[in-house]
Amino acid sequence: MTKNFNRKALTIVCALLLSMSVLIALFLVDFNKSTVLAESDSIFTFVETSDDECSVRLKDKTVTRAIVPKTAEIDGKTYTVTSVAQNGFASARSLTKVRLPDTVTSIGASGFTNCSMLNSITLPKVQTIGANAFLRNTSLKRIILPISLTSVGKNILRYNDTKVYVRAQEQSDGWDADWNVGNANQDVEYNSDFTPEIVYERVKIATPQGVSLFAENEWSDGYIVDDYQEFTEDLGNDIIIPAVYDEMPVVGLAGYAFYDNYFTNLIIENSDNPIYFDDECLAGGIGENIIINRDVIFCNTDSQVSQNIFADTIVKTVFLPDSVEEIGDEAFSGISGIKGIKISSNMTTMGENVFVDWGDKYI
């Protein structure tokens, strides 16, 4: 998938162990992408709805991505975010990607009305969708309605052309008879096992003259795995990251690439070229195994060793390649369910609190 973006070029300085010697390689990735990450609470407004729950509303309608947190602080007290307010994200015309956490169970009427650029949204545990919730979301080509959904209002996709995948075998009594009226695409797939594909971003790769990391030419095209992938349901599937996509090398995982995603095995396929991991690219992942079969550069967009890469994941095993020499701060912090981590004998440097909050677990 190729997109046009505007973003400052990112220069990454990393050390690679190649054939028992260390090669310092400088390469530059031009993301050409202006991303306003909406993970900060400052772009949201939260309103208390009960003693321990709150609703969310998008305050900054200029952002392109809204990653709703599971909790929010109101007047010094922490609340669980359980609903999108009525008209909460309405007319956010720059918004392209929304990730709702599994704590959100309700979307208010007209919650995302007139979000004309919205093309990706996840609803992992939503139970109720209000009328006109996604009206005039003309860029929304598909939507997955989760098994948890019990109530749907009228015309939620009016003026759209959106393919609907429904996890349930049939709609329940709580669905309005006119829930899909006005949607140009009436081909609803019930009992669907549809799985999203990995979304990639095309980038430019430059290597120093005489150093061939990804190509023989000074400049070449490649792909990174985009942030906040859509694997937010537990479907028992593997996620496989190939060495090549669309005849070009896959060179990295963006920060938060698989944040809070589900998988059985997450596998990085073998390649002669290294792959770089940005901060928290696997954080919060839930699955069985993470298996990395190629050299890794743990390096973020600030040219520092990546941090929190596996933080708060729930996995049994992590297999790191022998080329890894350095691990950043809190790389495995809060990880649970772990039975083993294979760490290279070439490891020379570990950051602070790499294994913090492990309790009685051992490597």
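Modeller: Happy to. Let's start at β20, where Asn-265 and Ile-267 point one way while Leu-266 and Ile-268 point the other way, and all of them are buried. Please keep in mind that this is a predicted model.

Now look at the partners of this strand. β17 and β20 run parallel and are joined by three bridges. Within that pairing, Ile-241 stands opposite Ile-268 of β20. β20 is also joined to β22, residues 289-292, by four bridges, and these two strands run parallel as well. Here Leu-266 has Ile-290 in β22 as its bridge partner. As a general point, strands of a sheet pair through backbone hydrogen bonds, in either a parallel or an antiparallel way.

Tyr-259 sits in the loop between β19 (248-253) and β20 (265-268), and Tyr-228 in the loop between β16 (219-225) and β17 (239-241). These two rings form an edge-to-face pair, with 6.0 Å from centre to centre and 80° between the planes. The pair links distant parts of the chain, as the two tyrosines are 31 residues apart. Tyr-228 is buried, with a relative accessible area of 3%, whereas Tyr-259 counts as partly exposed at 31%. Tyr-259 has a further ring partner in Tyr-256: their centres are 5.6 Å apart and their planes stand at 70°, so this pair too is edge-to-face. Tyr-256 is buried, at a relative accessible area of 16%. In total, the structure holds 14 aromatic pairs.

Asp-246 lies in the loop between β18 (244-245) and β19, and its phi is near 50°, a positive value in a residue other than glycine. In general, most residues other than glycine have a negative phi. Asp-246 counts as partly exposed, with 49% relative accessibility. Ser-91 is placed in the loop between β7 and β8 and is partly exposed, at 32% relative accessible area.

The largest one has 43 residues, and the members touching the most others are Phe-89, Ile-107, Phe-112, Leu-123, Ile-129, Phe-134 and Leu-145. At least two residues of this core come from each of β3 (44-48), β4 (53-58), β6 (71-74), β7 (77-84), β12 (142-145) and β14 (163-166).

Leaving aside neighbours within four places in sequence, Leu-123 is in contact with Leu-100, Ile-107, Ile-129, Phe-134, Ile-143, Ile-144, Leu-145 and Pro-146. Then try the phenylalanines: Phe-44, Phe-46, Phe-89, Phe-112 and Phe-134 form one aromatic cluster.

Not counting residues up to four places away in sequence, Ser-83 touches Cys-54, Ser-55, Val-56, Val-104 and Ser-106.

Three strands form an open sheet in the order β5-β8-β10, with parallel pairing. β5 (65-67) and β10 (120-122) stand at the edges with a single partner strand each, so one side of each is left without a neighbour in the sheet. Neighbouring strands here are turned against each other by 5° on average, direction ignored. Three bridges join β5 to β8, residues 97-99, and Ile-67 has Arg-99 in β8 as its bridge partner.

Finally, zoom out to the whole protein. Its secondary structure comes to zero helices and 27 strands. Of the 363 residues, 52% count as buried. Among contacts between residues at least 6 apart in sequence, 51% join residues at least 24 apart. The protein exposes about 16,200 Å², and carbon and sulfur atoms supply 45% of that area.

Notes: Residues are numbered from 1 along each chain as its sequence is written. This is a predicted model: local features need pLDDT of at least 70, side-chain atom pairs count only at pLDDT 80 or more; totals for chains, interfaces and linings use all residues. Side-chain values use heavy atoms; hydrogens and water are left out. A nonpolar core is a set of buried Ala, Val, Leu, Ile, Met, Phe, Trp, Tyr and Cys residues joined through side-chain atoms within 4.5 Å. Buried means under 20% relative accessible area, exposed over 50%, partly exposed in between (1.4 Å probe, protein chains only). Contact means heavy atoms within 4.5 Å. Accessible areas come from the Shrake-Rupley method with a 1.4 Å probe; for residues, only the protein chains shown count as cover. Two strands pair if DSSP finds at least two bridges between them. Axes are lines fitted to C-alpha atoms, for helices over the stretch in contact, and angles run from 0 to 180 degrees between N-to-C directions. Rings of Phe, Tyr and Trp (its six-membered ring) pair if their centres lie within 6.5 Å; planes under 30 degrees apart count as stacked, over 60 as edge-to-face and the rest as tilted.
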